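Please consider the following sequence and structure. The explanation below leads through its sheets, a pocket and its cavities.

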Amino acid sequence: MPLTRDQIVARAARELRDGYTVNLGIGIPTLVANAVPAGVDIVLQSENGMLGVGPFPYEGDEDPDLINAGKQTITALPGASFFSSADSFGMIRGGHVDLTILGAMQVSGRGDIANWMIPGKMVKGMGGAMDLVAGSPRVIVTMEHCARSAEGAKGEPKVVAECTLPLTGKACVDLLITDYGVFSIERGVGMTLLEHAPDLSVDDIRKGTGAAFAVSPSLKPIAI
Amino acid sequence: MKKLLGSAKDALADVDDGAVLMVGGFGLCGNPENLIAALHQRGTRGLTLISNNCGTTDKGLGVLLAAGQVKKMVSSYVGENKEFERRYLTGELDVELNPQGTLAERIRAGGAGIPAFFTATGVGTAVSEGGLPLRYKKDGSVDVVSAKKETRVLVDPRSGRERTYVQETGLFADFCLVRAHTADESGNLIFRKTARNFSPMMCTAARVTVVEAENIVPVGALDPDQIHVPGIYVGRLVLVTSRANWIEQKTTRPRPTPAA
């Protein structure tokens, strides 16, 4: 069995380091905030202009002036700060936000990512994703390894040799965490499988992957 | 010069068809809803709007879009408005999508007299290479696409390593419409929490900046150290008549019940 959504979240949370400032994208990445390991202190950045994002407010305490980049009502932790969008993206572009975790529609073996547009179909815009992948010193993608059909069956690989969807960024993904495994992606080297879902063999993973990858000599099952 | 005007209607009396406007707000947070309503009533058409989003179907700038008053949007994310997608994909609306940080910096640059700058954001994507659909035909085929932009290899000041950057240009508008939390009568502004977003830069990047404030206080009542936008950038000021302030996605957690 591939990992569940919660297991992907838990694995991604183990990438957090004490003192990191982190920007979390919408979807699976947002859930990483609920799985921060004990003893690890992180600060969450929200690109609409805030450091120190706290949990959702108690029912009745919502403030329309206090939202995250997903437009959800949130709270501010002690020590939080607010700033303009120009300051926020200066922070991101300038490499001050240590880590970005975001979702993707496709990731290539070279670390290209596509997550913002399906031509002629879905027009939402790139939002802050292009700035985040270009500016963050470390970029982690969490996603399901294969696309899902309307019936829920596993379909086309999302890890591909070449992205067919419009790119969000080129050669910018450092680590890919899916329900199949954990892959590092190094510039000029390519993709290496570091950890596999406990119930999946390397062959199972190859079958569901559109890109070539090396297997780490210290390959191990993902600790669950 | 007296900046405080009697109504949103008076503040927008010279916004003509075809005007280019910057409008503050992120999603429905920090939108100048009173000024948007006045612009809707005024019926001005052919507008170009520079704003991160375009409201929802019936709120924020979505009101102007639904009324057919908008010719072009310059935005970063428009996923919350179905009507937007329909108008764009059938050629009724021109759309220039920018990375959010690039949009913020283009506005900041425009207001600061910087004609262009280089950024790594979007290099190797359609943002630098061109081909983003700016306008569709009625039948859904692409009519006009974005042009390729100049790229240059420069040294990253932080790492000292060479990297490819793309040139982006400053933006400047005829009018800027924003909402502030508190203003003094000379136009010094203070925003509240994440309602600040794009508004401070937008105030600097238009010929006429119009502010609706939730509170207006006499000159001298604000601490100069706490001001987010100095009054030099603000031309007109009105007090909000509606405090409409929408929540787009209400997310909460259960309140802990006190131990019995």
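In strand β9 of chain B, T169(B) is the bridge partner of A116(B). β5(B) and β9(B) run antiparallel and are joined by 4 bridges; two strands count as paired if DSSP finds at least two bridges between them. Both belong to an open, antiparallel sheet of 3 strands in the order β5-β9-β8 of chain B. Because β5 and β8 (151-155) of chain B each have a single partner strand, they stand at the edges, and one side of each lacks a neighbour in the sheet. On average, neighbouring strands of this sheet are turned by 45° against each other, direction ignored. Helix α5 (residues 100-111) of chain B lies across β5 and β9 of that chain, at about 155° to β5(B). Such angles run from 0 to 180 degrees between N-to-C directions, with axes fitted as lines to C-alpha atoms, for helices over the stretch in contact, where contact means heavy atoms within 4.5 Å.

The model is predicted: local features need pLDDT of at least 70, side-chain atom pairs count only at pLDDT 80 or more, and totals for chains, interfaces and linings use all residues. Residues are numbered from 1 along each chain as its sequence is written, chains are lettered from A and ligands numbered from 1 in the order in which they are written, and side-chain values use heavy atoms, leaving out hydrogens and water. Chain B averages a pLDDT (the predictor's confidence in each residue, from 0 to 100) of 95, and 100% of its residues score at least 70. The model has an ipTM of 0.96 and a pTM of 0.96.

Elsewhere in chain B, β6 (residues 133-136) and β7 (residues 142-145) run antiparallel and are joined by 3 bridges. R135(B) has V144(B) as its bridge partner in β7(B). The two strands form a hairpin with 5 residues between them, and G140(B) in the turn has a positive phi of about 95°.

Chain A contains an open sheet of 10 strands with mixed pairing, in the order β4-β3-β2-β1-β5-β10-β14-β15-β16-β17. β4 (75-82) and β17 (214-221) of chain A are its edges; each has a single partner strand, so one side of each is left without a neighbour in the sheet. Within this sheet, 4 bridges join the parallel strands β5 (residues 99-102) and β10 (residues 138-142) of chain A, and T100(A) has V139(A) as its bridge partner in β10(A).

Both chains contribute to the second largest pocket, whose lining takes at least two residues from each of α3 (85-93) and α4 (129-135) of chain A and β5 (116-119) and β9 (162-169) of chain B. On a 1 Å grid over the protein atoms alone, a pocket is an open set of points with protein on both sides within 12 Å along at least five of seven lines, a cavity is a set where a 1.4 Å probe fits but cannot get out, and lining residues have an atom within 4 Å of a point. The volume of this pocket is about 920 Å³, where grid points are joined across faces, edges and corners and a volume is the space filled by probe spheres set on the points.

The largest cavity holds about 50 Å³ of space. Strand β10 (residues 173-184) of chain B gives the most to its lining, with 3 residues.
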